[in-house]
Amino acid sequence: MHINMIHINNKIVITGCGGMLGEAVYREFKNISDVYASDIDCNESWLDFLDVSLEQDVIDYLEKIKPDYIIHLAAKTDMEYCERNSDDAYFTNRDGVSYIVKYANKYSIPLVYISTAGIFDGKKDFYTENDRPNPLSIYGKSKYEGEIEAGKAYKSIIIRAGWMMGGGPKKDKKFVNKIIKQINTGAQKLNVVNDKFGTPCYTYNLAKSIYFLLNNEHYGIYHGTCDGDCSRYNFAIALVEYLGLKDKIYIEEVSSDFFKDSYFAPRPYSEKLINIKLKKIAPHLTKDWKIYLKEYTKRFNWIL
Amino acid sequence: MFNNKAREKNISRASDKLSSISFFCPAYHDEKNLPMLIPKVHKFLSNIADIFEIIIIEDGSPDNTGGVADELSLKYSNARVIHHKNNLGYGATLKQGFQESCYEYVMYTDGDYQYDVYEFEPYLNLLYDADIISGYVDNNRKAVSTVRKLQSFLFNTIICVFFVTYVKDINCSLKIYKRHVLDNIIIRSDSAFIDAEMLLRAKKANFVIKYFPVTHYQREAGIANGSKPNVILKTILDMIKFRFGVL
């Protein structure tokens with residue numbers, strides 16, 4: 001009989017749990033263990049305040065709780081903010097990880113760190129777990145340095161995520177909600193770039209992968225995206241179709257230059273990830289991004 | 001404490017169709033019951049909701065329940081099956097059902113087809129101002145043996161006395177939870193205490209529970225596990241743990 005490693009009495013600290021991935025991870029773990037969730041934005045009653053860039057605060061918080069597992073989601077993820085505030089990006093995305101690792105190694109507990117496809121330079125068509133990172137942006141660089149820090153933990157699971165979708169109208173800060181917000185304000189024509197490629201990543205699915213890897217003690221580096229890949233344009237076309245607005249919304253293909261003033265951080269041409277390692281040990285865990293996108297659009301009331 | 005928040009979040013109105021609903025049922029020794037239950041559920045959900053999913057959680061059943069469930073999931077595109085390699089028990093299976101359900105409303109009943117989901121229909125308007133709606137059967141009209149009736153009566157009475165509260169026919173497995181309830185309460189129990197735990201936690205968080213009368217039909221096939229000694233023991237243990245705040 002399969003024995004669950006993660007027990008109901010285990011304490012799990014989840015940092016950065018107020019964000020879009022945090023919502024899914026909290027939901028995944030809250031009924032199976034004792035969850036201590038924190039964020040710098042306490043937007044839920046179940047969140048504690050914790051700024052992971054402050055070493056003493058991190059130590060005090062962890063020493064008080066004495067967790068059995070840590071899922072470290074906290075990061076500065078706004079790429080433009082990171083370009084403008086590089087110190088701050090490194091304080092959180094690199095140094096924050098090192099404080100957590102120090103604690104994890106002191107008690108030899110497992111740590112999950114979420115990384116990104118943005119650590120690659122995008123020159124290859126797609127990236128496997130073994131490809132060499134070469135980040136272009138401050139965000140990518142700081143997350144890659146965070147990955148190196150996380151790798152110093154005795155028991156670390158590093159999962160690289162792709163284009164994130166999840167959280168619904170309230171928490172989704174990424175592409176899906178950006179598009180829907182435009183539609184909700186009356187836009188009938190949307191400009192979407194056709195020269196950036198990537199692999200979508202469904203937060204609820206990634207949360208399940210985190211549980212699987214942690215519960216089965218599969219330490220190492222993984223890619224946690226859905227199957228398949230697309231351009232932003234392909235993704236928007238599918239999104240509008242699933243929202244039932246194919247005939248009402250026109251999507252204009254534009255190049256990235258169109259948005260270069262507001263999205264000035266360098267973004268790789270390809271952020272396509274394939275998750276060979278996860279697929280090998282748990283083929284049931286991931287499906288094609290279109291299946292999840294369809295589910296995601298139906299999951300929430302987007303008021304269109 | 002969640003009450004006002006809950007009200008605000010409750011944007012869906014029950015008079016129209018429900019925005020989206022997840023249905024799940026634990027299935028164990030139900031190879032003959034599922035082919036009667038699932039088509040009916042499918043039809044019912046198509047009538048009451050725009051978007052729905054059906055999840056059958058096959059709890060390591062030694063008969064062909066798993067195979068039958070797989071066939072049904074092929075027939076109905078919005079149905080899927082979760083298989084347990086081993087029998088994890090009713091509580092753990094129910095818990096997984098809640099975990100897997102993703103839509104705005106979450107409905108469940110047992111795979112043994114002792115309840116008719118159509119009995120929800122006249123009472124869906126209770127969802128206007130309730131966060132949870134739960135069926136209840138008059139104890140003397142339950143389609144079970146006298147011993148089971150007594151067990152059920154005792155369980156209810158003990159819960160009410162032990163927790164100084166009032167909950168009706170706790171283990172009646174015909175309930176709908178709103179999503180925000182599930183997001184705001186934690187579920188710890190893996191035993192048959194889970195129903196009670198969820199209702200008690202929901203009450204404590206000021207969520208509103210409304211009850212409606214339902215019929216309990218005779219089991220046509222399969223076997224019941226509810227009165228096995230170890231099932232009862234686990235339930236009692238969880239109840240005591242919960243009472244003393246250690247669950």
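The side chains of Arg188(B) and Asp34(A) meet in a salt bridge, with N and O 3.7 Å apart. By salt bridge I mean a side-chain nitrogen of Lys or Arg within 4 Å of a carboxyl oxygen of Asp or Glu. Across the interface of chain A and chain B, that rule finds three salt bridges.

Before going on, how this was made. This is a predicted model, where local features need pLDDT of at least 70, side-chain atom pairs count only at pLDDT 80 or more, and totals for chains, interfaces and linings use all residues. Residues are numbered from 1 along each chain as its sequence is written, chains are lettered from A and ligands numbered from 1 in the order in which they are written, and side-chain values use heavy atoms, with hydrogens and water left out.

Back to the interface. Chain A puts 20 residues into the contact and chain B 22, where contact means heavy atoms within 4.5 Å. About 1800 Å² is buried between the chains, 44% of it from carbon and sulfur atoms; buried area is the accessible area, with a 1.4 Å probe, that two parts lose on being put together, summed over both.

Which parts of chain A supply at least two residues each to the side that touches chain B? They are helix 1 (20-29), strand 2 (34-39) and helix 11 (289-299). Helix 1 of chain A gives the most, with four residues. Helices (H or I, at least four residues) and strands (E, at least two) are DSSP runs, numbered from the N terminus.

Now the sheet of chain A. It is open, has seven strands in the order 3-2-1-4-5-6-11, and its pairing is parallel. Two strands pair if DSSP finds at least two bridges between them. Strand 3 (47-49) and strand 11 (220-223) of chain A are the edge strands, each pairing on one side only. Strand 2 and strand 3 of chain A are joined by three bridges, and Ser38(A) has Asp48(A) as its bridge partner in strand 3.

Next, the sheet of chain B. It is also an open sheet of seven strands, in the order 3-2-1-4-6-5-7, with mixed pairing. Strand 3 (79-83) and strand 7 (209-213) of chain B each have a single partner strand, so one side of each is left without a neighbour in the sheet. From one strand to the next, the twist averages 20°; angles run from 0 to 180 degrees between N-to-C directions, and axes are lines fitted to C-alpha atoms, for helices over the stretch in contact.

Strand 4 (residues 105-109) and strand 6 (residues 174-178) of chain B run antiparallel, joined by five bridges. One detail there: Thr109(B) has Leu174(B) as its bridge partner in strand 6. Helix 2 (residues 34-48) of chain B packs on this sheet, touching strand 1 (18-27), strand 2 (49-58) and strand 4. Helix 7 (residues 194-204) of chain B lies across strand 4, strand 5 (132-136), strand 6 and strand 7, at about 40° to strand 6.

Over all chains, the count is 28 salt bridges. One of them is Lys272(A) with Asp229(A), the closest N and O atoms being 3.9 Å apart. Why does this pair tie together parts that are 43 residues apart in sequence? Lys272(A) lies in the loop between strand 14 (270-271) and helix 10 (276-281) of chain A, and Asp229(A) in the loop between strand 11 and strand 12 (230-231).

Last, confidence. Chain B averages a pLDDT of 85; pLDDT is the predictor's confidence in each residue, from 0 to 100. Over residues 1-15 of chain B it stays under 50. Where pLDDT is low, the predicted coordinates should not be read in detail.
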